Amino acid sequence: MTIAVVGIGLIGGSLMIDLRKRGFADKIIGVDSNLQHRNIAQLCGLVDETDSLENAVDRSDLIILSTPVDTNCRMLPGILDRLGGTSKVVTDMGSTKGEIARISRGHPNRGRYVALHPMAGTEFSGPLAAIGRLFDYKNAIICDPELSDRDALEVTERMLDILNMKKVYMKSEDHDVHVAYVSHISHITSFSLALSVLDKEREEKNITALAGGGFESTVRLAKSNGETWAPIFLENSGFIIEVIDNYIEKMNLFKKMISEKDMAGLKALMEEANKIRRILN
């Protein structure tokens, strides 16, 4: 199978490593607007060659979009236009699904598209951040599977099996609500904490001397690429604002009880939060 990976970064590059190593891809064509990324991908053996988007689509059996979500949305209609009467499949790795679902809805070749979100990643970016086994045993969300042609869905599911991913199916709108609460707010919290610390601690030595494991794990996501995350926050803005309002409400509860020196209230809040242990071991 010939695969075109559009966007040679952490996700796209990590896909290339495992899909080649595990025999799913016979040939990988890389597409990226960044010349340095294309050169690195070829030097590192992530791709067999690079090409323009149009040529890569025409020459490939499977097209994987792993660019920022707004770029995926811009590219998908043109790609679907080129798939008429073929068995080609296109899927995307985007962290939001509502807008791309709206854009693709009603397209005559909608069935060739499978909306996919692998719940995997790190705080790093670019082709040099690509690693093997990134996707092993992680969840992969397939959205609106009933809108995809059976054979297109089967190709995508087979790829996920090769990557050792666990398949979960849901509606696009449900997906965007859930990721706002489980994933997107974590990044916003991390960015906000980093900004707060940088605003207060002008001396780097104070941060490095006093920051423990808890701070490092909480702020780790603040190292994530803004080129990736700003479009995600805007695409999912309605649900993210809802989550932020809820989060601020909880922060204000802690603020109130701390200011009132309410020991019992603080303990009750934390005991309620401890219930997350039942879900996350």
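Author: Happy to. The sheet is an open one built from 8 strands, in the order S3-S2-S1-S4-S5-S6-S7-S8, with mixed pairing (two strands pair if DSSP finds at least two bridges between them; strands are DSSP runs of E with at least two residues, helices are runs of H or I with at least four, and both are numbered from the N terminus). S3 and S8 stand at the edges with a single partner strand each, so one side of each has no neighbour in the sheet.

Some ground rules before going further. This is a predicted model, where local features need pLDDT of at least 70 and side-chain atom pairs count only at pLDDT 80 or more, while totals for chains, interfaces and linings use all residues. Residues are numbered from 1 along each chain as its sequence is written, and side-chain values use heavy atoms, with hydrogens and water left out.

Now along the strands. Strand S5 (residues 89-92) pairs with S6 in the parallel sense over 3 bridges, and Val 90 has Tyr 113 in S6 as its bridge partner. Strand S6 (residues 113-118) then runs antiparallel to S7, joined to it by 4 bridges. On to the next pair: S7 and strand S8 (residues 166-170) run parallel, with 5 bridges between them. Ala 140 turns up again here, with Lys 167 in S8 as its bridge partner. To get from S7 to S8 the chain passes through helix H6 (residues 150-162), and this β-α-β crossover is right-handed (with the strands pointing away from the viewer, the path from the first strand over the helix to the second runs clockwise).

How enclosed is strand S7 (residues 139-143)? Of its 5 residues, 4 are buried, so S7 is largely enclosed by the rest of the structure (buried means under 20% relative accessible area, exposed over 50%, and partly exposed in between, with a 1.4 Å probe and protein chains only).

Next, the charges. The structure holds 22 salt bridges (each one a side-chain nitrogen of Lys or Arg within 4 Å of a carboxyl oxygen of Asp or Glu). Among them is the pair of Arg 59 and Glu 49, whose closest N and O atoms are 3.0 Å apart. Arg 59 lies in helix H3 (residues 53-59) and Glu 49 in strand S3 (residues 49-50), so the pair ties together parts 10 residues apart in sequence. Arg 59 is partly exposed at 34% relative accessible area, and Glu 49 is partly exposed as well, at 21%.

Arg 112 counts as buried, with 7% relative accessibility, whereas Asp 151 is partly exposed at 36%.

Another salt bridge joins Arg 220 to Glu 123, with 2.8 Å between the closest N and O atoms. This one links distant parts of the chain, 97 residues apart: Arg 220 is in the loop between helix H9 (213-219) and helix H10 (226-235), and Glu 123 is in the loop between S6 and S7. Here Arg 220 is partly exposed at 33%, and Glu 123 is buried at 8%.

The loop between S6 and S7 also holds Arg 133. Together with Asp 18, Arg 22 and Asp 136, Arg 133 belongs to a network of salt bridges. Its relative accessible area is 52%, so Arg 133 is exposed. Its backbone deserves a look too: Arg 133 has a positive phi of about 65 degrees although it is not a glycine. Asn 164 has a positive phi as well, near 60 degrees, and is likewise a residue other than glycine. You'll find Asn 164 in the loop between H6 and S8, where it is partly exposed with a relative accessible area of 30%.
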